[in-house]
Amino acid sequence: MDSEVFKMYSKYYNLFYADKKYSSEVEYINEVIKRFSPKAKSILEYGSGTGGHGLLLQDMGYRIMGVERSQDMANVALSKGYQCQVSDILDFTTNEKYDVCIALFHVVSYLNSNQDLVKLFTKTRSVLNDSGLFVFDVWFTPAVMYQQPEVRIKKVEDDEVIVTRLARPDIDYISNTVTVNYEVLVKNKKNNQYVELSEAHRMRHFGVPEINLLAEQTGFKVIKAEEFLTSNQPSNQTWGVNFILQAKS
Ligand SMILES: C[S@@+](CC[C@H](N)C(=O)[O-])C[C@H]1O[C@@H](n2cnc3c(N)ncnc32)[C@H](O)[C@@H]1O
């Protein structure tokens, strides 16, 4: 991305996710870790983005390392003092073992094929200590199928820019994926110039039996599936479900 486009992209990203409650999410993740692995000290974070969760977990005293494939996102995290490796989560390398691995804000949903999922889970088991936790929130099939993703348009602004984003979902019933096509228009209020961005994310959704099967095949057991943040029992109203897996010895 050239620097002007990235500046606009960061503006758009920060504005759109300004209301994301990183501190309450991190309190929840810390509570999950304390509930299932009270002695855990080290965390590996997949898809660590700009370090929103990682930096707060670091402040809580965890030793944490991120893995992020976007150099631009990783640069923001690195500039804030967050240690992360720029790599695809399927290809990263480490000599360390961790107590917990986390993948927050639907990072596992970015993996669409069974082959990639088996690869990620197997790799995760190999970098976790025995009884280590793998904690990740994903799109939940019952809610996606029941609610059906819709076309959405959203406009946000601050003193410098007005951002309009159109999101068009394309549902594939056979592969359990939804491709979300984003068209973003960023207007610079100072010079009235526009930057257009587009991106498409193909997201896979998962049900409980599917994650159970994946866990069994790769050396984990599923110890809890709960609504992200509330810990409520998942239902067809629960878009984001947090799965907590424990590494078997
Ligand atoms: C929705 S963002 C979440 C970022 C961060 N976890 C947060 O909550 O702010 C998804 C992140 O996962 C990263 N990502 C997606 N697939 C990845 C992969 N295969 N390997 C490494 N990073 C990946 C993207 O680059 C992006 O930064």
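Reader: Which residue ranges does the domain assignment give for domain 1 and domain 2 of the protein?

Author: The model is a predicted one, and its domain assignment divides the protein into two named parts. Domain 2 is given as 144-203, while domain 1 is written as two segments, 3-139 + 206-247.

Reader: What is the area buried between domain 1 and domain 2?

Author: The centres of the two domains, taken over C-alpha atoms, are separated by 23 Å. Contact between them involves 18 residues of domain 1 and 25 residues of domain 2. Carbon and sulfur atoms give 66% of the area buried between domain 1 and domain 2, and that area is about 2,200 Å².

Reader: How many residue pairs are in polar contact across the interface of domain 1 and domain 2?

Author: For salt bridges across this interface, the rule finds 0. For polar contact, where both residues must be at pLDDT 80 or more, the number of residue pairs found across the interface is 3.

Reader: Which residue has a backbone N or O atom that lies 3.0 Å from a nitrogen atom of the ligand?

Author: A polar contact requires a pair of N or O atoms within 3.5 Å, and the side chain of D88 has an N or O atom 3.2 Å from a nitrogen atom of the ligand. H53 places a polar side-chain atom 3.4 Å from an oxygen atom of the ligand. The backbone atom at 3.0 Å from a ligand nitrogen belongs to L104.

Reader: How much of the accessible area that the ligand has on its own does the protein cover?

Author: The ligand is surrounded by 17 residues, with Y22, G47, E68, I89 and L104 the closest. By class, the residues of this shell comprise 8 nonpolar, 5 polar and 4 charged. On its own the ligand has 590 Å² of accessible area, and the part of it that the protein covers is 93%.

Terms used: Residues are numbered from 1 along each chain as its sequence is written. This is a predicted model: local features need pLDDT of at least 70, side-chain atom pairs count only at pLDDT 80 or more; totals for chains, interfaces and linings use all residues. Side-chain values use heavy atoms; hydrogens and water are left out. A residue is near a molecule or strand if one of its heavy atoms lies within 4 Å of it. A polar contact is a pair of N or O atoms within 3.5 Å; within protein, one must be able to donate a hydrogen and the other to accept it, and residues adjacent in sequence count only if both atoms are side-chain atoms. Accessible areas come from the Shrake-Rupley method with a 1.4 Å probe; for residues, only the protein chains shown count as cover. Ala, Val, Leu, Ile, Met, Phe, Trp, Tyr, Cys and Pro count as nonpolar, Asp, Glu, Lys and Arg as charged, and the others, Gly among them, as polar. Domain bounds come from an automatic or database domain assignment. Contact means heavy atoms within 4.5 Å. Buried area is the accessible area (1.4 Å probe) that two parts lose on being put together, summed over both. A salt bridge is a side-chain nitrogen of Lys or Arg within 4 Å of a carboxyl oxygen of Asp or Glu.
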